[in-house]
Every structure is written in structure tokens, then in C-alpha cells.
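Open the model in your viewer and keep the sequence panel beside it. This tour goes stop by stop, saying what to select and what you will find there.

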Amino acid sequence: AIGTFNNKNVGTAKTVTVSGLTLTGTDAGNYPLLSQPGLIADITPADLTAFGLTALDKVYDATLAAPLSGTAQINPLGADDVVLSGTAAGLFSDKNVGSSKAVTVSGLSLSGTDAGNYTFIPQTGLTANITTADILATGLSASDRIYDGTTSVILSGTAIVTPLGSDSLFLAGTPTGVFADKNTGNNKSVVISGLSLTGTDASNYNLLPQGGVTANVTPRPLTVSSIT
């Protein structure tokens, strides 16, 4: 016995006709064979999973966006007319720094004459890393001074950082500046330390101390005395 639907498409309570049977025996000629009537069954959609995409690592940017590479593809059954429409978009589950973070794919759908016979499943199993973003402290300046035998620097201003988006990020600590050596000179580079990041989103950033700060160290007058 062979059962045949009236068409290949998804549907409920679809009529099934039976063929493939014949009568044999001495008296077979006395009977017309009627196919069994009243048979019905459902055809449910087949899963169609996308593939071909890769998730790329990114530097923290305070968004859920996950960069993708490759081209999304599908393999429909037989010669079915099914194609992918839309633009694939990747999303991390959260914005924070981490390794092997799951990436979900959205933005794609099925189109074509036979699209209704399939349930579209976006590509799964994608992962990527989010690495810390560098953030630069600014707002400080160094004052010129007279040589005093030390490398200390007098700083002025207020150190600030500008986080991405609405991130909770602040500077903690007291900035200190030092010259590379104690000697006199013009436009001597100042190395600033003593600051750290705090706030809910601090772990997503790598603090870079303010660079490009310079100051002058001028000679100290030395008075000769005790001469008579």
C-alpha cells in the first residue's frame, strides 16, 4: 500500500489516497477494488537551520552588537523554492567584557514559494570575545618649578574620564606626577600614576594614564657665602 497526499505542502487533516494494491485469487474478478476512503494526516513544517556565519571578537563598545562574517545559507529539501531574506545581525547576551560569549543571530527570514513548509532556525553555537576598551584620563597639567633635587611634580586640574554611552565609571585615588630624573630641562615628560577606575562598568575598561604632560625644571640659584 502506498499513501499519497494531494500535494507536498504543510497542512492539517490533509486527504490521503491509497494505491499500490490489487486483488488476486480465483474470485478476484468478481470484485472491484476500492481504495480505503477517509484517510487524513497532517504535514508539519520541517526545521531549516541557517549556517555559514562566524562571530568576530570586538573591543568593548557598551552595546550588545556582535560583528559577523561569512554568508548565511540554508539547504532546503529537494528543489524547493526557499531563500533567505534580510540582513543577519549578531547580539551578545550582555554588553560586558568576557571570553567565549554566546552570540544569537537575528534579522533573517525565509521567503519563496515553499517557505511556508519550513520553520526557520537561526544559526546557533556562535561565540566571540569582548575585550576591554582603553580609556584615557585627561584634565591634568603640570607646573614648572625650580630644581629641588627630587623628581616630584606639582599637578593641577582635575583628572576625568569619558566613558562610553551611559556607563557608570569614575576615577578613584590621588594623581601623582614624577619626572624621569631630577635634572633641569625644558618640556620634561611627566609620568602620572595613582588613579584607578571604579563604578559598575569599571571592569570593561583599561585605564591609560594621561600622557603628553610636560613641565620645565629651571636651575636653582646658589648663593656663595662666608667670604670676608
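Begin with the charged pairs: there are eight salt bridges, each defined as a side-chain nitrogen of Lys or Arg within 4 Å of a carboxyl oxygen of Asp or Glu. Before you click, note that this is a predicted model, in which local features need pLDDT of at least 70 and side-chain atom pairs count only at pLDDT 80 or more, while totals for chains, interfaces and linings use all residues. Residues are numbered from 1 along each chain as its sequence is written, and side-chain values use heavy atoms, with hydrogens and water left out.

**Stop 1: salt bridges**

Select K8 and D114. Their closest N and O atoms are 3.5 Å apart, and the two form a salt bridge. This pair links distant parts of the chain, 106 residues apart: K8 is in the loop between β1 (2-5) and β2, and D114 is in the loop between β10 (98-111) and β11 (118-121). Strand names follow DSSP runs (E, at least two residues; helices are H or I, at least four), numbered from the N terminus.

Next, select D167 and K95, whose side chains meet in a salt bridge of 2.7 Å, N to O. D167 lies in the loop between β17 (155-160) and β18, and K95 in the loop between β9 (83-92) and β10, so this pair ties together parts that are 72 residues apart in sequence. D167 is buried at 8% relative accessibility, while K95 is partly exposed at 23%.

For one more pair, go to D148 and R145, where the N to O distance in the salt bridge is 2.9 Å. D148 is partly exposed, with 37% relative accessible area; R145 is buried, with 11%.

**Stop 2: the β18-β19 hairpin**

Colour residues 170-179 (β18) and 185-198 (β19), which pair in the antiparallel sense over eight bridges. Two strands count as paired if DSSP finds at least two bridges between them. Five residues sit between β18 and β19 in this hairpin.

Is the K188 side chain buried or exposed? K188 counts as buried, at 13% relative accessibility. A polar atom of the K188 side chain lies 3.1 Å from the backbone oxygen of N183. Show the surroundings too: beyond its neighbours within four places in sequence, K188 is in contact (heavy atoms within 4.5 Å) with F179, D181, N183, V213, T214, A215 and V217.

**Stop 3: an open sheet**

Now select the five strands of an open sheet with mixed pairing, in the order β6-β12-β10-β9-β7. β6 (58-59) and β7 (65-66) are at the edges, each with a single partner strand, so one side of each has no neighbour in the sheet. β6 runs parallel to β12 (residues 126-131), joined by two bridges; V59 has T131 in β12 as its bridge partner.

**Stop 4: strand β11**

Which residues of β11 are on its covered face, and which on its uncovered one? Y118 and F120 make up the covered face, T119 and I121 the uncovered one. In general, the side chains of a regular strand alternate between the two faces of the sheet. β11 pairs in the parallel sense with β4 (residues 46-49) over four bridges, and A46 stands opposite Y118.

**Stop 5: a nonpolar patch**

Finally, show L21, L23, Y31 and L33 as a surface: they form a nonpolar patch with about 420 Å² of accessible area together. Patches are made of residues with over 30% relative accessible area and no salt bridge, with nonpolar side chains (Val, Leu, Ile, Met, Phe, Trp, Tyr) joined within 5 Å and like charges within 9 Å. Areas come from the Shrake-Rupley method with a 1.4 Å probe; for residues, only the protein chains shown count as cover. L33 is in the loop between β2 (11-19) and β3 (40-43) and is partly exposed, with 46% relative accessible area.

Technical notes: Buried means under 20% relative accessible area, exposed over 50%, partly exposed in between (1.4 Å probe, protein chains only). A polar contact is a pair of N or O atoms within 3.5 Å; within protein, one must be able to donate a hydrogen and the other to accept it, and residues adjacent in sequence count only if both atoms are side-chain atoms.
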